[in-house]
Structure formats: structure tokens, C-alpha cells
Amino acid sequence: MDDMSPKSSSGRFRKWFKRKHKNKQKHKQPDPYNYLDGLSDGEDEGDYIMEDVYISSFEMDPCTSTNELRIFVGTWNVAGRSPVGSLAVDLEEWLKPQDAADIYVLGFQEIVPLKTRTVIGAEDPTEATNWNLLIGKTLNENFGCPWLTPMLNPVSSDNYQYVKVPDCERRASFSGVIDSTLMRGRWITQYHQQLVLGGSKYKLMASKKMVGVFISVWMKKELLKKYCVSNVKVSSVACGIMGYLGNKGSVSVSMSIEGTSFCFIAAHLASGEKNGDEGRRNRQVSEIFKRTSFPRSAKDDDNRHPLTIFGHDQIFWFGDLNYRLDLEDNLARDLIKKQDWKALQGFDQLRQEQEDGGVFEGWREGNIKFAPTYKYSSSNCNRYSGGLPNRSGEKQRTPAWCDRILWYGKGVKLLSYFRSESKFSDHRPVSAQFSTQIEVMKSTNSRFLDKETNFHNIMPPEQIGPSINNEEGKPTLLSLIVKDTESSSTHMQVDTNS
């Protein structure tokens, strides 16, 4: 739109400025601190020197800055085992809550046994509830925060997502909404209030379960006061048996923090170490990319959110991806004994498929400096399954880095990539800590002027906000309100400190 048009903000400002000052310039006393006192209503070039400084600043894009967030991403195949009290020590060692990340994103596989009843039957939220309870307890009790005892037999849901209060100015307030179908018609309970609204340090932002695949996202409560967090959504893609059952697939979370959008995908891909099995995994990745969606709804705010995975600024994909080592079992075990991780990575299927362009082209992963995470003999054992001599009843599996964490997008820096040593299942948990940059608006409804310009007396007294004076009594900050006759008013802060 033309800046000189009467309908534009700058055009209205010029019109208002001329009307208010046309007949006042010859009557008013010069103000030594007002550099615009000499302005007249003439149309010559000199008349708009200072006005053009103002208008050009007014029309600038909103000022933004970048802030750092620490994100912990973890993945763990728990082999169908339920969380028990003794697991708390292992979970604490895995999450390392003393390092206090801003956001914890945890993906699990096989939180229920992958049997016919669990794969084709109705979803049971019990295990998701138990895992969320243990995660919340681990994250919050380490900071001395209260963690209420849940009510007995709470009505629970495996599909929770945070819902933002529409007004971003009320960042400290938020509410949780539970999927009414999974809640069997009943709304939020004391248990969910504890997880979401209680006095804890970390809040549950999103939680989604599909058969055995489960994702749980937690954020520091203080971030909800500091930043505008919006459009938190979940999605699931089942691509297991017959291509549509949930024994394999993904659960994903989409969310925006200020001006940066995030997507977190927890996946469990096809197993098997036969030739060609890597192709099945590649196809499942493609299906997840194609079918994951975060559709808009009537409850969304005015900020348009990404609808697909690649629409996000920063993307994290993690889980039991099941890519194996293209190497004979005995040779793989020899390299493991030597801890020659670099040589071993040369046989890693995932790296090979990436280099060949078969999957995750352009994605990044940290340098692997830890032993393969699968398959261990049994719980409470630190020995790989199989090998020679093969023990009776044990599956012969070549050790592999099945559990992986990858990312895509700008503004992401890997800080660490490691495995933990819990013997809870036949997989070892894997974690990555990231430093991410988010784009933050300095003011959602403001324009800032960087010129050392004093606009005292531009507006009539009733429209001038409070000023901040320096030691000499000169105004250094004016709050100006320009009334928009077609919509709401625009608030401008003018920095005139010299």
C-alpha cells in the first residue's frame, strides 16, 4: 500500500500532524527540546526531513531478537515393561534433571507388549499415565517442588495437549483440555490438574500414545510466563502390520514458541536384520512424512501454524529406528570390544542410507561415541544377546545402534549425544542435549525508532503517555498513541535518549 495514501497508518499520521499543527506554529513558544518546532505545512522537500525519519522507522519490520533454549531429547524402548518404583533411579540417571533443561522431550517404544490384544484392541491409557507420573515426579522432586499424590484410580488420557489462553499477554495462565472421547465423557481430574496446573517446576505440554509408541513433552513453568507458547498439537501415524496397524509408526508433537515452530517425532520402525529390511524402514519414514499432519481448528489463534513436518523451523526425529550393522556378528563384536566406534559406523545402515539418499537426506546426527544400544541379553544384564557359544533360548542378534536422534533445521546446536546404562530393558536409553535459538518479538504491538529524535508535543496532552526524564529533566521516553480509525490503535515507543 502507498505510504501517502490516507488509509495507511503513515498517511493518517501525516494528515493528523498537519491538521493539529497548521495553525499553532506561529503562536507557540519555541521548545528548546523539540526539534520539530520549525516544521511548517509547506510541501517543499525540507518540510519532511524529520517526518520521514519517523515514518521510515514506523514502517520498519517488527524488531526481533534470538533467545537460547536448552532441549533434552531422549528415546527408550522399554520392551513392554511397566514402570516400577525401582525405575526412578534409572530415570533420574537418564534425564539428569540436575542439568535442568528448559524442555524435556521423551519418546518411548513398547510401553505395552506388542501382542494381538494391544495392537488391534482399544487404546488403554494406563501405561501412559504411569510413565507421565514417574517422569513428572523425577523432574520436579529434584528441585524440591511439591508433587501431589494422585487420587486413586484417576480417570486418565493418553492424548493430552496444552491449550493456550488466547491472549498472549496472559502468558502465566493456561489450561488443559483432555480428549473427551478418551476421557469417556468426563473432564479434567485432580490427577491432570496435578500434572498440568500444579505448583511444579515442569509442566506437561503434550502427551500422545499409539499402542506402544509414546511421546511426552515437558516445559519449565517459567517459560510459559516469559514466552508465548501456541498451537500445541499431536498427531499419530500407524504403519505396522498391513501398513496401517499401530505396532509400528510414530507419534508427533507440534508447537510454537514465540516466532519459532518445533516438531518432535517419536518413531518405532520395522525390525529385522535381513537384506532388504532397511528398505522397509525407509518406506515407513516416507509414510510418516507424508501422513503426519497438524490440521487447523476453530480453537487456534491468529498465528498460522505448520500443517506438515517440513513446515516447521526445527525438527527432531528420534526413536527405535531399527537400522542395523551390515557386518558379520563376530566382526561387529570385535570392534565393540576395541571400542572402535568410527570403524563400526562405517557399517551402519542408517549412515549408508543417508549417504545414498535413501532416507533422511540433509538431516544431521551427532558423532556416535558409545556402544550399540541393542540387543542386550535380558534385564539386569550387561551382555549382548547371542554370540558364540550361543546360550540356550537367546535370540541371535548382531549388536546395533537401533536407538537414534536426528534433527533438521537452522538454529540447532548439539551439546551432547550419549547413552545411559539402565538395565531395565534389552535397549539402552539414548539422549541428546541441544541448544536452540528461538525468534522473539521485542514487542508484539510496537514499532521502535532508533533515531535520537524528540517528539515532545507532537500529540495533544491527553494522548501522550508517561515520559521518563533524564537528570536534566529532558524527556527520554515517550509513549505515543496513534489512533487507527479503521482498526485498533497502534502503540509506539520512541526512544529519544541522547
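Q: Where is Q345 found in this predicted model?
A: Q345 is found in helix α10. The model is a predicted one.

Q: Buried or exposed, that Q345?
A: Q345 counts as buried, because its relative accessibility is 11% and the cut-off for buried is under 20%.

Q: What does Q345 touch, leaving out residues up to four places away in sequence?
A: Four residues: R351, N367, I368 and W401.

Q: Which salt-bridge network is R351 linked into?
A: R351 is linked with D348, E365 and R404 in a network of salt bridges.

Q: How do the side chains of D348 and R404 meet?
A: In a salt bridge, at 2.8 Å from N to O. D348 sits in the loop between α10 and α11 (349–355), and R404 sits in strand β11 (residues 403–409). The pair therefore ties together parts that are 56 residues apart in sequence.

Q: And are D348 and R404 buried or exposed?
A: D348 is buried, with a relative accessible area of 0%. R404 also counts as buried, at 1% relative accessibility.

Q: What packs against α10 (341–345)?
A: The buried residues of α9 pack against α10.

Q: Which residues of α9 are buried?
A: Helix α9 covers residues 329–338, and its buried residues are D329, A332, R333, L335 and I336. Seen down the axis of α9, they fall within an arc of 160°, so they line one face of the helix.

Q: What does the face turned away from the buried side of α9 carry?
A: The exposed residues K337 and K338.

Q: What follows α9?
A: Q339 does, and its phi is positive, near 55°.

Q: Switching to charges. How many salt bridges does the structure hold?
A: The structure holds 17. In general, side chains of opposite charge can pair when their charged atoms come close.

Q: What about R291 and E287, how do their side chains meet?
A: They meet in a salt bridge, 3.2 Å from N to O. R291 and E287 are four residues apart in helix α8 (residues 277–291), so about one helical turn separates them.

Q: How accessible are R291 and E287?
A: R291 counts as partly exposed at 27% relative accessibility. E287 is partly exposed too, with a relative accessible area of 24%.

Q: Which residue does E421 form a salt bridge with?
A: R419, with the closest N and O atoms 2.7 Å apart. E421 is partly exposed, with a relative accessible area of 38%. R419 is buried, with a relative accessible area of 12%.

Q: Nonpolar core next. In the largest one, which residues touch the most other members?
A: F108, M255 and I257 do, in a core of 79 residues.

Q: Which strand gives the most to this core?
A: Strand β6 (residues 213–220), with six residues.

Q: What is M255 in contact with, leaving aside neighbours within four places in sequence?
A: M255 is in contact with M205, V217, M219, V229, S230, N231, V232, T260, S261, F262 and F264.

Q: What other core lies apart from it?
A: Another core, of 20 residues, lies apart from the largest one. Among its residues are C239, I288, Y323 and L406. As a general point, nonpolar side chains tend to be buried together in soluble globular proteins.

Q: Cysteines, then. How many disulfides does the count come to?
A: The count comes to zero disulfides.

Q: Are C263 and C381 buried or exposed?
A: C263 counts as buried, at 0% relative accessibility. C381 also counts as buried, at 16% relative accessibility.

Q: Strands now. In which sense do β1 and β13 pair?
A: Antiparallel, over twelve bridges. Strand β1 is residues 64–77 and strand β13 is residues 430–441.

Q: Which residue in β13 is the bridge partner of N67?
A: I438 is the partner of N67 there.

Q: How many bridges join β1 to β2?
A: Seven bridges join β1 to strand β2 (residues 103–109), and the two strands run parallel.

Q: Which residue in β2 is the bridge partner of T75?
A: G107 in β2 is the bridge partner of T75.

Notes. Residues numbered from 1 in each chain as written. Predicted model: local features only at pLDDT ≥ 70, side-chain atom pairs only at ≥ 80, totals over all residues. Heavy atoms only, no water. Core = buried A, V, L, I, M, F, W, Y, C linked by side-chain atoms within 4.5 Å. Buried < 20%, exposed > 50% of the residue type's maximum accessible area, 1.4 Å probe, protein only. Contact = heavy atoms within 4.5 Å. Arc of directions from axis to C-beta. Disulfide = S-S within 2.5 Å. Pairing = 2+ DSSP bridges. Salt bridge = Lys/Arg side-chain N within 4 Å of Asp/Glu carboxyl O.
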